[in-house]
Amino acid sequence: MNSNHYIKSIELLRKASSTNGFLASALDISNYKRVWSRDGVICGLAALASGDDELIKTFEKTIHTLAAHQHEIGTIPSNVAFKGKKVEVSYGGLAGRVDAVTWFIIGVCQLAHYKQDHQIVETYKSHIDKCLAMLNAWEFNNKHLMYVPLSGNWADEYITDGYVLYDQLLRLWALKSYNHFENNKDISNKIIAIEEQLYINFIGDSDSDKFHPRAYEAMDKKSYLPASFSPSGYKTQYDAFANSLFVMLDLGTQELRENIISYSQNLLSKTRLKVLPAFWPPVMEEDEEWNLLKDNCKYEFRNFPYEFHNAGSWPMVNGFYGLALAHMGHDNIAQELLKNVNRLNEQKEFSFYENFHTKTGEPIGVPKCAWSAAGAVILHQTLINNFKILVD
């Protein structure tokens with residue numbers, strides 16, 4: 001990232017800062033003028049990476065806002081809106097947002113690790129413990145993988161549901177981050193149990209019983225982990241965010257992680273924008289899953305092929321893929337990816353669009369999107385200043 005790109009990214013994060021935390025966009029568009037859990041924590045990671053005191057203070061406010069509006073049963077708000085004296089708290093629309101809970105835990109622990117202050121974890125310990133109890137309850141069958149509803153995470157209008165890889169990995173990251181401070185035997189055992197179930201059901205790397213053995217055996221195995229599975233079978237789309245997290249968390253074998261990178265690079269090389277689409281391949285009108293996709297929207301349909309979650313390209317997601325590349329020692333490839341992310345963010349006078357049409361390259365969605373800047377900042381500081389995210 002040249003100095004101008006970095007300056008513009010930091011400027012946007014400052015504009016998206018409020019007295020209650022990071023807003024999803026610096027513009028008052030739709031429901032983006034809210035403090036969101038996942039957006040806020042990802043912007044918070046960028047704040048820590050930047051070392052900017054004011055941005056770090058905004059991250060602290062973000063965490064405080066989310067904790068202050070935790071539901072009594074343990075769920076963390078998907079977002080909180082402040083409208084004068086009126087506060088609107090949402091835990092999800094058509095379905096609750098599972099990843100709001102895990103991102104909150106990750107955020108608290110990343111902040112404490114950066115500041116080398118265990119007291120931050122202690123301050124939010126009661127909140128985190130309620131979160132962990134909620135995550136356990138979401139297993140339903142007590143077999144160590146959470147069951148996530150359709151629309152239950154950031155890809156809220158996509159087709160993944162059930163045992164969604166992305167959400168299992170976020171939970172694992174949250175537990176490892178928390179246990180970095182707690183060193184708790186029960187948490188350690190839970191981490192081992194979750195990892196084992198991931199290996200059994202997503203990789204097949206075990207003789208133990210799979211949740212859905214018939215569906216697993218029928219699945220066309222790829223050089224990456226499938227996006228999700230449920231009682232109806234596996235959804236084998238490539239999930240760039242989830243597979244990046246898998247590599248970042250140093251899971252599986254070295255060979256599997258390199259296979260994921262190889263598949264990702266091959267896919268990236270064939271795209272117009274030279275960045276990864278969020279999911280691949282796109283769901284097309286003639287596909288069996290099209291009806292599930294087109295009906296999964298509350299207001300208007302946005303997931304046309306190559307757009308939004310349906311194989312659209314997101315700067316934020318590519319920031320995390322860059323972290324996976326750096327984790328594997330592929331700094332040169334990550335540097336090239338960062339240049340391509342910058343080209344997206346600088347379009348239309350640094351509009352930092354939410355995502356891009358993978359086939360045409362056209363910007364889509366909300367401009368001045370804070371986490372589009374955040375993804376670039378985190379990757380820049382990782383490559384230039386050796387910023388380290390806590391992953392264990």
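Tutor: Let's start with Asn142, which counts as exposed because its relative accessibility is 59%; buried means under 20% relative accessible area, exposed over 50%, and partly exposed in between, with a 1.4 Å probe and protein chains only. Before going on, some ground rules: this is a predicted model, where local features need pLDDT of at least 70, side-chain atom pairs count only at pLDDT 80 or more, and totals for chains, interfaces and linings use all residues. Residues are numbered from 1 along each chain as its sequence is written, and side-chain values use heavy atoms, with hydrogens and water left out.

Back to our spot. Asn142 sits in the loop between helix H6 (125–137) and strand S6 (163–164); helices (H or I, at least four residues) and strands (E, at least two) are DSSP runs, numbered from the N terminus. Most residues other than glycine have a negative phi. Ala311 does this too, with a positive phi of about 75° although it is not a glycine. Ala311 is in the loop between H12 and helix H13 (315–327), and it counts as buried because its relative accessibility is 1%.

A salt bridge here is a side-chain nitrogen of Lys or Arg within 4 Å of a carboxyl oxygen of Asp or Glu. With 11% relative accessibility, Arg97 is buried. By the same rule, the count comes to 18 salt bridges.

Here's another one: Arg38 and Asp99 meet through their side chains at 3.0 Å, N to O. Arg38 is in helix H2 (residues 37–50) and Asp99 in helix H4 (residues 98–115), so parts 61 residues apart in sequence are tied together. Both partners count as buried: Arg38 has 7% relative accessibility, and Asp99 has 0%.

Arg34 counts as buried at 15% relative accessibility, whereas Glu88 is partly exposed at 23%. These two also belong to a salt-bridge network that links Arg34, Lys83, Lys86 and Glu88.

The sheet itself is open, with three strands in the order S3-S4-S5 and antiparallel pairing. Strand S3 (35–36) and strand S5 (86–90) are at the edges with a single partner strand each, so one side of each has no neighbour in the sheet. Two strands pair if DSSP finds at least two bridges between them, and five bridges join S4 (residues 79–83) to S5. Lys83 stands opposite Lys86 in S5.

Phe82, Val87 and Val89 form a nonpolar patch with about 200 Å² of accessible area together. Patches are made of residues with over 30% relative accessible area and no salt bridge, joining like charges within 9 Å and nonpolar side chains (Val, Leu, Ile, Met, Phe, Trp, Tyr) within 5 Å. The areas come from the Shrake-Rupley method with a 1.4 Å probe, and for residues only the protein chains shown count as cover.

One last stop is the loop between S9 and H12, where you'll find Pro281. A cis peptide bond joins Trp280 and Pro281, with omega about -5°. Most peptide bonds are trans.
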